[in-house]
Amino acid sequence: MQVEKQARYALLLAAKDSEYVKKVYGGYYNVFVTAFGAEGESWDLYRVVEGEFPKKSELENYDGFVISGSPYDAYGNDHWIIELCFLLQYLDAMEKKVLGICFGHQVLCRALGGKVGKACTGWDIGLRKVKIVKDLSPFSFFDGLDEIPPALSIIECHQDEVWEVPLGAEVIGYSNKTGVEMFTIGGHILGIQGHPEYSKDILYNLIDRLLNNNYIEEGFAENARSALQLAEPDRKIWEKICKIFLKGR
């Protein structure tokens, strides 16, 4: 009897765990695996923000990779960001599945030849309706949905954005705030500017931390909190999209 190979994934964590996430969830690793993982899979953690990377000899063993968000700039020249760009170029050449979230979306774009920078319209914090572009191919990671919705609500928290996608990339999602909310390259690269893994409580805490560190003003923070109370993100659909992309199911 042939034994099915255990699926193996790697989380490339580009942020340090906040005290809140450690206390409530045990760390960002658990947030991501809860959102995108499944029973019987193996998920490894690499804290790339601390210089921890998988060895090149191990890359072939993985079915896919997820790059997290980060407080760092994807266009920065910190040593670990440069090393991450080289790794992403290597994974692209291998045609490994790579899912980039927020900073991960931006650094994927940079690594593969696109341009990123400060958002022209400033911070985007809260819920955002992402309009889905339906008439593009390949679109296989939406095939598992009952129907492709015209728009999906997602949690956002960023002040940088993709300015220009890499050659050969297709923009498959946009909003009235950000021109590139989602992009794909072939069937193996997917970038999402929002946070499909976030719950609202994580964003509430993040708003408080940004306010306390003077990154945003009180009025902006209050507006973001108020808007969050009025609607819910389409988390289940986003999680399903990410799972279909990573696993083909």
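Helices (H or I, at least four residues) and strands (E, at least two) were taken as DSSP runs and numbered from the N terminus. The model is predicted, so that local features were considered at pLDDT of at least 70 and side-chain atom pairs at pLDDT 80 or more, while totals for chains, interfaces and linings use all residues. Residues are numbered from 1 along each chain as its sequence is written, and side-chain values use heavy atoms, with hydrogens and water left out.

Cys-102 is placed in the loop between β4 and α4. Its phi is positive, about 55°, although the residue is not a glycine. Cys-102 counts as buried, at 5% relative accessibility; buried denotes under 20% relative accessible area, exposed over 50%, and partly exposed the range in between (1.4 Å probe, protein chains only). A positive phi, near 55°, is also found at Glu-95, again a residue other than glycine. Glu-95 lies in the loop between α3 and β4. With a relative accessibility of 60%, Glu-95 counts as exposed.

Helix α3 (residues 79–94) precedes Glu-95. The expected span of a helix is 1.5 Å times one less than its number of residues. The buried residues of α3 are Trp-80, Ile-81, Leu-84, Cys-85, Leu-87, Leu-88 and Leu-91. They cover an arc of only 165° around the axis, which puts them on the same side of α3; the arc is that of the directions from the helix axis to the C-beta atoms. His-79, Phe-86 and Ala-93 are exposed on the other side of α3. The packing partners of the buried residues of α3 are β1 (8–12), β3 (64–67), β4 (97–101) and α4 (103–111), where contact means heavy atoms within 4.5 Å.

In helix α2 (residues 28–36), Tyr-28, Val-31, Phe-32, Ala-35 and Phe-36 are buried. These residues fall within an arc of 100° when seen down the axis of α2, so they line one face of the helix. An α-helix has 3.6 residues a turn, so residues three or four places apart point the same way.

The axes of helix α5 (residues 200–212) and helix α6 (residues 218–228) come within 10 Å and cross at roughly 175°. That makes α5 roughly antiparallel to α6. Axes are lines fitted to C-alpha atoms, for helices over the stretch in contact, and angles run from 0 to 180 degrees between N-to-C directions; those under 35 degrees count as roughly parallel, over 145 as roughly antiparallel, 65 to 115 as roughly perpendicular and the rest as oblique. Lys-200, Leu-203, Tyr-204, Ile-207, Asp-208 and Leu-211 of α5 meet Glu-218, Ala-221, Ala-224, Arg-225 and Leu-228 of α6. The contact comprises 7 nonpolar, no polar and 4 charged residues. Ala, Val, Leu, Ile, Met, Phe, Trp, Tyr, Cys and Pro count as nonpolar, Asp, Glu, Lys and Arg as charged, and the others, Gly among them, as polar.

In helix α7 (residues 235–247), the 13 residues should span 18 Å, and the end C-alpha atoms are 18 Å apart, which agrees. Its buried residues include Trp-238, Ile-241, Cys-242 and Phe-245. Gly-248 follows α7 and has a positive phi, near 75°.

Pro-149 is located in the loop between β6 (124–132) and β7 (151–158). Pro-149 is buried, with a relative accessible area of 15%.
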